[in-house]
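My comments follow as numbered points, so please read them with the model open.

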Amino acid sequence: RVKRGWVWNQFFVVEEYTGTEPLYVGKIHSDSDEGDGSIKYTISGEGAGTIFLIDEITGDIHATERLDREQKTFYTLRAQARDRQTDQLLEPESEFIIKVQDINDSEPRFLEGPYIGSVAELSPIGTSVMQVMASDADDPTYGSSARVVYSVLEGEQHFTVDSKTGVIRTAVADLDRETQDRYEVVIRATDMAGQLGGLSGSTTVTIVVTDVNDNPPRFPQKMYQFSIVETAPVGTAIGRVKAEDSDVGENTDMTYQVKDEEGVEMFKVTTDSNTQEAVITVQKPLDYESKKVHTVVVEALNKFVDPRFVDLGTFRDQTIVRVSVLDVDEPPEFRPPSNLMEVQEDAHVGSVVGVVTALDPDTANHPVRYAIDRSTDAERIFDIDANTGAIVTGKVLDRETAGWHNITVLAMEADNHSQVSRASLRIRILDVNDNPPELATPYEAAVCEDAKPGQLIQTISVVDRDEPQSGHHFYFTLVPEATNNHHFSLLDIKDNTAAVHTQRMGFNRQEQDVYLLPILVVDSGPPALSSTGTLTIRVCGCDSNGAIQSCNSTAYVVSATLSPGALIALLVCILILVVLVLLILTLKRHHKSHLTSEDDEDMRDNVIKYNDEGGGEQDTEAYDMSALRSLYDFSEIKGSDGGGGPGEGGPSGNLASELHVLPHWVQSPDLDFSVFRDYICKKVEQADEDLSVPPYDSFQTYAFEGLDSPVPSLSSINTWSSGSEQDFSYLGGWGPRFRQLAALY
């Protein structure tokens, strides 16, 4: 059996059809169709029934609408062949495509605009600036509708464009930013490869010419004039000048400098980084009287020089700055500026120390007057002649008290005291030998009783308040009265010290325990001055090693077994114990006096007195309850004591009897307890009425002795008395070394 199938060719439809009749597209046909009209053709899919219509009998397809390939390039449909009577498919449904055939109906478009490019000025011909690109919506695979070429419509005298790539390049080499800094270039894109009838589009490209350092700085003026007063301090700005530069950005950064020698010495030029101006400042003090006008040559040059344009000329320029110095009334000036003077300390009052000189620098040369700033010489040690500037002593000088004096001298115009100059003056007081040498300390030495001849006892040094330029030289000797002694000798060591030695064998404390050795000390002058000092030598007892034990019958040294630090610690401990004992006695005495001063008022704060260390209220075995009911026989006690209470009589005298009577208390059947009963009932009534008292039972012992109680104080601490029951005789056994410690006890 031969397989049946569809018979058709490729379908095409031309876009943008403008005819009035439907456009024939093609014909679908089944090989089973015999031409009798028994087969019905139908289509479905994109545009079926709207854009595309089919003849059911012949299978012819027509397009009824105008198509645009740029919107849709093809349509996919499905064809069916059915039996007209039974409506059954005679052929399987088949898919086919109708392509829209392109025509040149879209012009090229620049989609990435606006375009902005840049190129450096003075760039060579052919320098690439930027690239532009146009897009054509036509079919690039069909004909030349989408083939685009580029050309320059405006600006062709300065720039060119590559027809194929769209790269814009420079056409000249003399682009000058200072003449024109931007160009508007119109680029056209044409399809159909530029052939006649092709469509075209255009865009405007902005090309900015960037700067290069091709212009040197130039001063607008060849001379500038400024003026400044002669008293202007160093660093004062005189004025500003600026060199112009046609370039922009960092190509205009300037550096200024002074070119002439005079200007370099007197003035300084710096560059203001914000304004690129030259700031001229004073570098040395100006003087109208010395020079009235200064001429300064200032040079400006670019900081960044492009080596490609060095052949264009020097990138620097110069100008002249004329500075006029204005005269002002200036204070006097000290000449010469020496600030050191010297004077002997023994100079008489009124002696001339030196002369200061000041001159008026102005042309008028006014006379000058002098004075001393008394805040620097409050004691008026120096004076100055107002006319001559001679400085004289006003008081007696003493180098040892003050070796230097710093004063301030004032110089002012005679007719205008507001014009004042100040000068610091240092006056050195030169030393003269006016102080005798003295022993460095009040020397005391010790010599052992068994000392041998020639033994060194003491080395002596001296002090002298004077300071001779050649240094101190002292001479030692014994005074004439002591030269004949046979006990000690003095040896001058020649290094401003002397040594004392023994001259005899052994000493005896019983015969003489102290020797006074007068020593004469003489300095080197001039004039030579001397003084006498006394060396005290004590005769002491020593051990076999030569260690001093004692120097008299009452003085003892600390033995090697007890250091001074240990002795001090022991004394401190003893002192603390004594203070504690005294504090305890004072507290007990205070407590005793407090108890005796209690009255029969509200005793709630101190009536709970448990003077027993038993088991408490519930412990009836450890505490004898009958002791609460045992009282004194008041009549007997009163009869024996005479009614002495805590504040009457001598408690110390009756202490022994009290201590023996207390254990022998007995109960008397004749005693009246109404006083205690009334007191307890009163306290119970007060406790019942007081809402703040807890409502629980308690057993309370009231230390109340009744009215006119004969019982004295029971304290074991006696009142102060001169006598003492302690025996300190045992302290004598400590020995003589602890005699003072025993005395403290």
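This is a predicted model: local features need pLDDT of at least 70, side-chain atom pairs count only at pLDDT 80 or more; totals for chains, interfaces and linings use all residues.

1. R399, E400, D431 and E467 are tied together in a network of salt bridges (a side-chain nitrogen of Lys or Arg within 4 Å of a carboxyl oxygen of Asp or Glu).

2. Residues are numbered from 1 along each chain as its sequence is written, and side-chain values use heavy atoms, with hydrogens and water left out.

3. How many salt bridges does the structure hold? There are 24. One of them joins the side chains of D373 and R422, at 3.1 Å from N to O. This pair links distant parts of the chain, 49 residues apart: D373 sits in the loop between β28 (368–372) and β29 (382–384), and R422 in strand β32 (residues 416–430). Strands (E, at least two residues) and helices (H or I, at least four) are DSSP runs, numbered from the N terminus. D373 is buried, at 18% relative accessible area, whereas R422 is exposed, at 58%.

4. Please look at R509 and E449 too, which form a salt bridge with the closest N and O atoms 3.6 Å apart. Again distant parts of the chain are linked, 60 residues apart, with R509 in the loop between β38 and β39 and E449 in the loop between β34 and β35. E449 counts as partly exposed, at 25% relative accessibility.

5. Now the nonpolar cores (sets of buried Ala, Val, Leu, Ile, Met, Phe, Trp, Tyr and Cys residues joined through side-chain atoms within 4.5 Å). The largest has 25 residues, and those touching the most other members are I460, F476, F488, V500, I519, L535 and I537. Two or more residues each come from β34 (444–448), β35 (456–463), β36 (475–478), β37 (488–492), β38 (497–502), β39 (514–522) and β40 (530–542). Strand β39 gives the largest share, four residues. Another core, of 24 residues, lies apart from it and includes V241, A243, M254 and A300.

6. L535 is worth a click: leaving out residues up to four places away in sequence, L535 touches Y443, E444, A445, Q458, I460, V500, Y515, L516, L517 and I519, contact meaning heavy atoms within 4.5 Å.

7. The UniProt record, an unreviewed entry, annotates residues 566–587 as "transmembrane region"; such annotations may be inferred rather than shown by experiment. In the model this span is 100% helix and 0% strand, its end C-alpha atoms lying 32 Å apart.

8. I568, V572, I576, L577, L580, L583 and L587 make a nonpolar surface patch of about 670 Å². Such patches consist of residues with over 30% relative accessible area and no salt bridge, nonpolar side chains (Val, Leu, Ile, Met, Phe, Trp, Tyr) being joined within 5 Å and like charges within 9 Å. L583 belongs to helix α2 (residues 564–596) and is partly exposed, at 47% relative accessible area.

9. Finally, the overall tally: the protein chain has six helices and 41 strands, and 34% of its 745 residues are buried.

Note on methods:
Accessible areas come from the Shrake-Rupley method with a 1.4 Å probe; for residues, only the protein chains shown count as cover. Buried means under 20% relative accessible area, exposed over 50%, partly exposed in between (1.4 Å probe, protein chains only).
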